[in-house]
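Hi everyone, thanks for coming. I'd like to walk you through one chain, so let's get the picture up on the screen.

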Amino acid sequence: MVIATSSFWSMGGYAGFIWPSYLIVGLVIAGLLILSLSKGRSLKKRLALLEQLKEKKD
Amino acid sequence: MAIANPCLPWLALLTVACLIWGLYLSLFASPADYQQSETVRIMYVHVPSAWMALFIYSVMAIASLVAVIWRHPLAEIAAQASAPIGAAFTFCALVTGSLWGKPMWGTWWVWDARLTSVLILFFIYLAHMALTSAFDDPARGRRAAAILCLVGFVNVPIIKFSVEWWNTLHQPASVLKLGGPSIHADMLWPLLIMALAFKLIYLCLLIVRMRNELMAARVRNLTAARARG
């Protein structure tokens with residue numbers, strides 16, 4: 001399997017440039033996704049609470 | 001949004017599948033370059049990121065134009081939701097470009113026309129985000145940001161043609177150019193699949209973030225109604 005070979009991970013001696021590129025892009029996209037989803041969850045909770053309060057008042 | 005919400009899980013699934021396929025092609029199935037050897041693999045994340053930086057800004061400019069002319073509220077929200085995604089992809093393009101530049105050009109950074117104009121694009125994205133949230137009234141913030149976005153659009157053709165107008169260290173276009181791509185199919189396919197995956201990532205993030213903005217607006221309205229008693 002090619003993934004197990006050290007030549008794959010060393011990337012012809014450029015591992016220090018190639019892997020950080022993929023890692024940074026992955027981290028930035030994943031970070032933005034996690035932030036957006038967690039903000040959505042907290043907004044959903046807040047909205048449900050406010051709507052509940054509004055119903056009680058009505 | 002009523003159509004977008006039920007589509008989101010399927011879109012997310014398609015995005016993951018496309019990303020896995022793209023990564024397989026980029027890291028395993030594509031050959032090393034005869035001049036740049038393995039470093040060419042940075043291209044498969046760098047170029048799609050740079051394309052997204054320009055694509056998202058163009059989407060924002062169209063949305064801002066619609067918002068300014070027809071006062072469509074969803075257009076303003078689309079522009080607001082897009083800005084952090086565009087900033088993230090521009091950041092990725094700058095950092096991966098730097099990581100590619102060091103082994104190939106011998107420098108992390110150079111103040112040439114392409115790199116500088118992309119850095120300016122990154123700052124415009126940040127300014128758009130700051131301006132949107134700078135006003136107590138979110139509608140005014142979004143309107144001011146729409147004007148900034150339209151003025152800043154002048155930078156998009158500058159970025160695209162910077163490699164032709166000026167003598168830059170950055171290479172000229174090899175995919176989107178007259179006469180067809182000058183890149184071999186073994187490298188073009190991974191690039192296009194990764195570009196498609198990045199477009200799908202943008203679409204998923206855009207739906208999630210627009211949904212968030214709509215919920216935030218409803219929270220603001222309910223809170224204001226409660227304060228009024």
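So, chain B has 229 residues, and 48% of them count as buried, where buried means under 20% relative accessible area, exposed over 50%, and partly exposed in between, using a 1.4 Å probe and protein chains only. Before going on: this is a predicted model, where local features need pLDDT of at least 70, side-chain atom pairs count only at pLDDT 80 or more, and totals for chains, interfaces and linings use all residues. Residues are numbered from 1 along each chain as its sequence is written, chains are lettered from A and ligands numbered from 1 in the order in which they are written, and side-chain values use heavy atoms, leaving out hydrogens and water.

What's chain B built from? Seven helices and zero strands, with helices (H or I, at least four residues) and strands (E, at least two) taken as DSSP runs numbered from the N terminus. The C-alpha atoms fill a box of roughly 70 × 40 × 30 Å along the principal axes.

Let's start with helix H1 of chain B, residues 4-29. It has a kink of about 30 degrees centred on B:Trp10; the bend at a residue is the angle between axes fitted to the seven residues ending there and the seven starting there. Among the buried residues of H1(B) are B:Leu8, B:Leu11, B:Thr15 and B:Cys18. What do the buried residues of H1(B) pack against? In chain A, helix H1 (6-10) and helix H2 (15-57), and in chain B, helix H2 (43-70) and helix H7 (185-228).

Next, a helix pair. H4 (residues 113-132) and H6 (residues 155-165) of chain B pack at about 160 degrees, with axes 8 Å apart; the axes are lines fitted to C-alpha atoms over the stretch in contact, and angles run from 0 to 180 degrees between N-to-C directions. H4(B) and H6(B) are therefore roughly antiparallel, the word for angles over 145 degrees. Residues making the contact (heavy atoms within 4.5 Å) include B:Ile120 and B:Leu121 of H4(B) and B:Ile158 and B:Ile159 of H6(B).

Last, two loop residues. Most residues other than glycine have a negative phi. B:Ser37, though not a glycine, has a positive phi of about 45 degrees. B:Ser37 sits in the loop between H1 and H2 of chain B and is partly exposed, at 25% relative accessible area. B:Arg71 also has a positive phi, near 55 degrees. B:Arg71 lies in the loop between H2 and helix H3 (73-105) of chain B, and at 56% relative accessibility B:Arg71 counts as exposed.

Methods. Parallel < 35°, antiparallel > 145°, perpendicular 65-115°, else oblique.
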